[in-house]
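Dear colleague,

Please find below the sequence and structure that I am handing over to you. My notes on what was found follow directly after them.

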Amino acid sequence: MSLMDYLKDRTLFLLINFVLFIIVSGCMSLMNMNSSIILLIFLIWFIPITAYITIEFFKQKILYNELNSIIDNLDKKYLLPEVMKKPENIEGKLLYELLQQAYKDMHEHVKNYRDRENEYREYIETWVHEIKTPIASTRLIIENNHNEITRNIKDEIKKVEEYIDQVLYYSRSNNVSKDYVIKEVSLADLVRSVIKRNSRDFISKGISIDIEAVEGTVYSDTKWLEFILNQLIGNAMKYSRERNGRVTIKTIRNENNIVLTIEDNGIGIVDKDIHRVFEKGFTGENGRRYGRSTGIGLYLCKKLTEQLGLGLSLMSKVGEGTKVSVVFPLGSVNLMN
């Protein structure tokens, strides 16, 4: 707050006093009073006003500077009413009380939205578990009736299950800390489990897979890592070449981390889309061309890896393929075997 802004805010008050003084001094002049008396009245009139304005300016400046300092040092700006001191002047007290009331009202609204979000998430999770029962029954029927039609139905059921898992993990993505269990995970076993889950797709599409260079142990949640890898490997298969498709998975140990890479020799991603692939709902040119993308898979992978304390990056070149890297910091992993 500058002095000029403060004075502009009190222009009417100062103007009224000057007009009144001019009227009074005019009357005194008509009464042939000494100019020294008029000057004395001017000093008696305006010295207290000037002192009052100066004191109030510095008091308010100190208050606003303190508030600005608190705001600058707060990560969560809405906590201002919790940490600010109650001012002594009446204007400051009114501001403080209004902020406290607004803060309380905000908390009530946040609680209301949080309760609604939790209720919706619980419904989604319940729905996911309920829908898995008829899907399991359908799989059992398929297993007992092998033919070309049921094999095709089985493939479509697998896609449905993947979308259902995506819904479940999306609903839990804001509360990962309540859902994961950290334990020792073998990357080789983890990768083999995901490959086995997608083995039929690899075979039907004629995609070769190389996982010989996968080794090492990390500390994380097996379930969440399996979902992330399934999404990444699924993308590698989705956009693989129609002939001689290949997916290579390997690990590299650096000084500060272990990097798990999934590399394909597929169609690749155009340069203008690479920096947006982790955005929610972004499908890019490949998604529009092939109609296979929801724009949620990579977004979820990015969100989950960040909450698990991992890194996720992507490099790609059109016509040559895509390489995705999951980075496990050494602080959360064991050394490679």
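What pLDDT does the protein chain average? The chain averages a pLDDT of 83, and 93% of the residues score at least 70; pLDDT is the predictor's confidence in each residue, from 0 to 100. Over residues 332-337 the pLDDT is below 50, although this stretch has 25 contacts in the model beyond near neighbours in sequence (contact means heavy atoms within 4.5 Å).

This is a predicted model, in which local features need pLDDT of at least 70, side-chain atom pairs count only at pLDDT 80 or more, and totals for chains, interfaces and linings use all residues. Residues are numbered from 1 along each chain as its sequence is written, and side-chain values use heavy atoms, with hydrogens and water left out.

The sheet

Helices (H or I, at least four residues) and strands (E, at least two) are DSSP runs, numbered from the N terminus. Two strands pair if DSSP finds at least two bridges between them. Five strands form an open sheet with mixed pairing, in the order 2-4-5-7-6. Strand 2 (208-213) and strand 6 (311-317) are at the edges with a single partner strand each, so one side of each has no neighbour in the sheet. From one strand to the next, the twist averages 15°. Helix 7 (residues 187-197) packs on this sheet and touches strand 2, strand 4, strand 5 and strand 7 (321-329). The direction of helix 7 makes about 170° with that of strand 2; axes are lines fitted to C-alpha atoms, for helices over the stretch in contact, and angles run from 0 to 180 degrees between N-to-C directions.

Within the sheet, strand 2 and strand 4 pair in the parallel sense over four bridges, and Ser208 has Arg246 of strand 4 as its bridge partner. Strand 4 (residues 246-253) and strand 5 (residues 257-264) pair in the antiparallel sense over seven bridges. These two strands form a hairpin with three residues between them. Arg253 has Ile258 of strand 5 as its bridge partner, while Val247 stands opposite Asp264 in strand 5.

The nonpolar cores

A nonpolar core is a set of buried Ala, Val, Leu, Ile, Met, Phe, Trp, Tyr and Cys residues joined through side-chain atoms within 4.5 Å. Buried means under 20% relative accessible area, exposed over 50%, and partly exposed in between (1.4 Å probe, protein chains only). The largest nonpolar core has 42 residues, and those with the most contacts inside it include Leu225, Ile249, Leu314 and Phe328. Among the elements that give two or more residues to this core are helix 7, helix 9 (222-238), helix 12 (297-307) and strand 7. Helix 9 gives the most, with nine residues. Leaving aside neighbours within four places in sequence, Leu225 is in contact with Val185, Leu190, Val218, Ser220, Leu308, Leu310 and Phe328. A second, separate core of eight residues includes Ile38, Ile49, Ile53 and Phe57.

Helix 12 and the cysteines

Helix 12 is largely enclosed by the rest of the structure, because eight of its 11 residues are buried. Among the buried ones are Gly297, Tyr299, Cys301 and Lys303. The buried residues of helix 12 pack against helix 6 (148-172), helix 9 and strand 6. Gly309, whose phi is positive, near 80°, follows helix 12.

Cys301 is buried, at 0% relative accessibility, whereas Cys27 is partly exposed, with a relative accessible area of 40%. With a disulfide taken as a pair of cysteine sulfur atoms within 2.5 Å, the count comes to zero disulfides.

Two loop residues

Gly266 is found in the loop between strand 5 and helix 10 (271-274) and is buried, with a relative accessible area of 2%. Gly266 and Tyr239 are 27 residues apart in sequence and 5.6 Å apart in space, C-alpha to C-alpha. Not counting residues up to four places away in sequence, Gly266 touches Tyr239, Ser240, Arg241, Gly319, Glu320 and Gly321.

Asn244 lies in the loop between helix 9 and strand 4 and is exposed, at 65% relative accessibility. The phi of Asn244 is near 55°, a positive value in a residue other than glycine. Most residues other than glycine have a negative phi.

With kind regards
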